[in-house]
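The entries follow the display.

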Amino acid sequence: MSLLPELRYPTVTELVVSARALAAQRPGECTLRQIGVSRAGRPLHLLSVGRARRAVLVVAGAHANEPTGGATLLSVAERALQDRELRDGNSWHFLLCADPDGASLHVTPAPRSLFDYHLGFYRPPGPEQPEWSPSELPPDRLPPETRALTGIIDELRPYLQVTLHGTDVGGSWVQLTRDVPGLAEPFAKSAAELNIPVETGASDAAGWPASGPGVHVMPAPGAGAAYPSMPDDARRSTWHHVHRYGGLTAVVEVPMWASDLVDDPAPHPAPAAAMRQLADRLLRDTREVERVLADALPRLDGTDGPLLRAARWGLELVPGLAADWTHTAPVNGSRAYVGSVDAFGRRLPLRAAAMLMRALRQTDDPAAPRLERLVAAWSHAFAERFRARWVPLEHQVEHQSRTVVAAALHARDRAT
């Protein structure tokens, strides 16, 4: 039985309805409970399958703009109920959406193109993201979503936390806070079967050692950051919170649109020069958005809503990041890495332009059409450059689900 009437990106409300139905159908094996509330008062729900002490925690919705995780979470919950091996001494716990406030602002239920995706784009600034806020805020200022997440980790003490993420254009990769021997093989096999490229040089894991293609392991404490200007540090995020109980976190990324440019391990002929060119383009595109923002600010009359706040935060990252790319030797000289950085550099100004466009539309500001033209042109150029092809949602969900299950089984062997 499918928990959704059709396979599509579910809303938070649909996730809760499906989880509630599952708990009602299998009351001896499933429970659904509220574990906290968001800043805006939205409930945070946890679905549990099984009662064993040894636990796996699966988190969806940590980033509002990465919608695949909700459908994957339901798929894995079904598998946990159907497969006795998965419940053999294990309980499974599913945080349906870590950031329901953010999910309410990102509006792309079924994007037909990258432009459609950005028309409804929202991603909160780092200090407001549940997983990343501990790396940027003191403990007494953490948002309630973060406190709920760390609280359930403290309660469950999972041997594995899996957090479900995604990317717009690129490939699939896994980030591990500790190595999970044996995971790379089933991960690569699944990606190959479903025609999903493996992001072998993911910029999100720049400088991290790899235990296999696309499987990156967090470096030891004290290792230098590849991008020193970036404010976030995975070792201070909620990913690392499970370590106090001997556990680890696996972050499973899957693309909406695939590109083979991020799956080419061949050496780039001039990586340092390419990085400088990407930094120049990043600065140039960002200045275009900043000029529109400067023009519109007097008309906004002190408005500081979430869309505007997130757009400005993204723009503020650019100067430091461009300097990192210009003055620091590339940590990886492959074509895949340069391709991943190229995508990263396109995302920052594009996302800022999209969110600023939405903020200005709310007041019918005359600058909004100019931004819409930028968002359309940049979305098209992004898709063209990367030869982006849509990954069927069932393939996104199947690959992410397989990787979650493989991580749970291999990490269980490590934990026993």
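Predicted model: local features only at pLDDT ≥ 70, side-chain atom pairs only at ≥ 80, totals over all residues.

I took buried to mean under 20% relative accessible area, exposed over 50% and partly exposed in between, with a 1.4 Å probe and protein chains only. Residues are numbered from 1 along each chain as its sequence is written, and side-chain values use heavy atoms, without hydrogens and water.

I looked up Trp257 and found it buried, at 7% relative accessibility. Tyr117 is buried at 0%, and Phe121 is likewise buried at 0%. I paired rings of Phe, Tyr and Trp (its six-membered ring) with centres within 6.5 Å, calling planes under 30 degrees apart stacked, over 60 edge-to-face and the rest tilted. The whole structure holds nine such pairs. Tyr117 and Phe121 are edge-to-face, with centres 5.7 Å apart and planes at 70°. Tyr117 and Trp257 are also edge-to-face, at 6.2 Å and 75°. Together with Trp390, the residues Tyr117, Phe121 and Trp257 form one aromatic cluster.

I noted that the axes of helix 8 (residues 271–300) and helix 11 (residues 368–385) come within 10 Å and cross at roughly 160°; axes are lines fitted to C-alpha atoms over the stretch in contact, with angles from 0 to 180 degrees between N-to-C directions. Helices are DSSP runs (H or I, at least four residues), numbered from the N terminus.

Note on methods
Helix = DSSP H or I, 4+ residues; strand = E, 2+ residues; numbered from the N terminus.
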